[in-house]
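Keep the 3D view open as you read.

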Amino acid sequence: MARHKVEISGVNTANIKTLSFEEMEELFKRMKEGDLYAREELVNGNLKLVLALLKDFNKKNENMDDLFQIGCVGLLKAIDNFDLSYGVKFSTYCVPMIQGEIRRYLRDNSSLRISRSVKDLSYKIMKVKDEYLITHGKEPTVEYLSNVLDTDESDIINAIESMKDPVSIFEAIYNDGGDTIYLCDQIEDKKNNNDLDIRMAVENAIFNLEEREKYILDQRFIIGKTQMEIASELGISQAQISRIEKSSISKIKNNLNH
């Protein structure tokens, strides 16, 4: 079956190859020995990862060619700073660097007004996170960032949140084949704040979750940690954290619908 040809920044995505773990390991060894061709092979062999990450930023009318090129800058930084001694997969290491590079670009070109103090702090956070990632092969915790930057954890979390793209209140967040639920439907109405039944239903739905599910939701949405941070604490992959998080939210929604 012929693959559909799609070009982005002059790259035919149908012809992008992927590398096995053994091939990646060999290429990194050769690159450290000064083989520039190995570096080029590593770039070409990970372009599909950059493309996959662009899907997270494709909700707005952004220029995908520009974002692809910015993502490739993050990929290059990851390749140049990665070390096999980190003991993690290269994809685990480079994903936050690629995402960070794209978010930095979007933030610098955003029409959303963010205070200078918050923007300055977010730049410092990105710098510390990049340096920590290069040295340790994983993202730092909010507590670590707070200590290094001598700033309250709440301010760190606020600055991290400011790096995220704004979301429309009319964005669909759930659809089970019937009526679509939009974000605005989930925003609390301060004028009618006494629906005790709903509060009790939500608390009961959360109570019925497994302890690990409760912990992950608490760390993600109350404490404000990233999936990478929680994955590092629990000794599992970010993908597993993402699956547990989505499954837990789905359980809560299902319990509220019954």
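1. Let's begin with secondary structure: the protein has 12 helices and 4 strands. Please keep in mind that this is a predicted model.

2. Of the 258 residues in the protein, 35% are buried. The accessible surface is about 16,200 Å², and carbon and sulfur atoms account for 49% of that surface.

3. For contacts with a separation of 6 or more, 55% are between residues 24 or more positions apart.

4. Now for the interior. In soluble globular proteins, nonpolar side chains tend to be buried together. Here, the largest nonpolar core holds 34 residues. The members that touch the most others are Phe-28, Leu-42, Leu-75, Ile-79, Phe-90, Tyr-93 and Ile-102. Two or more residues of this core come from each of α1 (21-32), α2 (36-44), α3 (47-54), α4 (64-81) and α5 (90-108).

5. Which residues is Phe-28 in contact with, leaving aside its neighbours within four places in sequence? They are Leu-42, Ile-79, Phe-82, Leu-84 and Phe-90.

6. Finally, the cysteines. The structure holds 0 disulfides. Cys-94 has a relative accessible area of 0%, so Cys-94 is buried. Cys-72 also counts as buried, because its relative accessibility is 17% and the cut-off for buried is under 20%.

Methods:
Residues numbered from 1 in each chain as written. Predicted model: local features only at pLDDT ≥ 70, side-chain atom pairs only at ≥ 80, totals over all residues. Heavy atoms only, no water. Core = buried A, V, L, I, M, F, W, Y, C linked by side-chain atoms within 4.5 Å. Buried < 20%, exposed > 50% of the residue type's maximum accessible area, 1.4 Å probe, protein only. Contact = heavy atoms within 4.5 Å. Areas by Shrake-Rupley, 256 points an atom, 1.4 Å probe, with all protein chains shown as cover. Disulfide = S-S within 2.5 Å.
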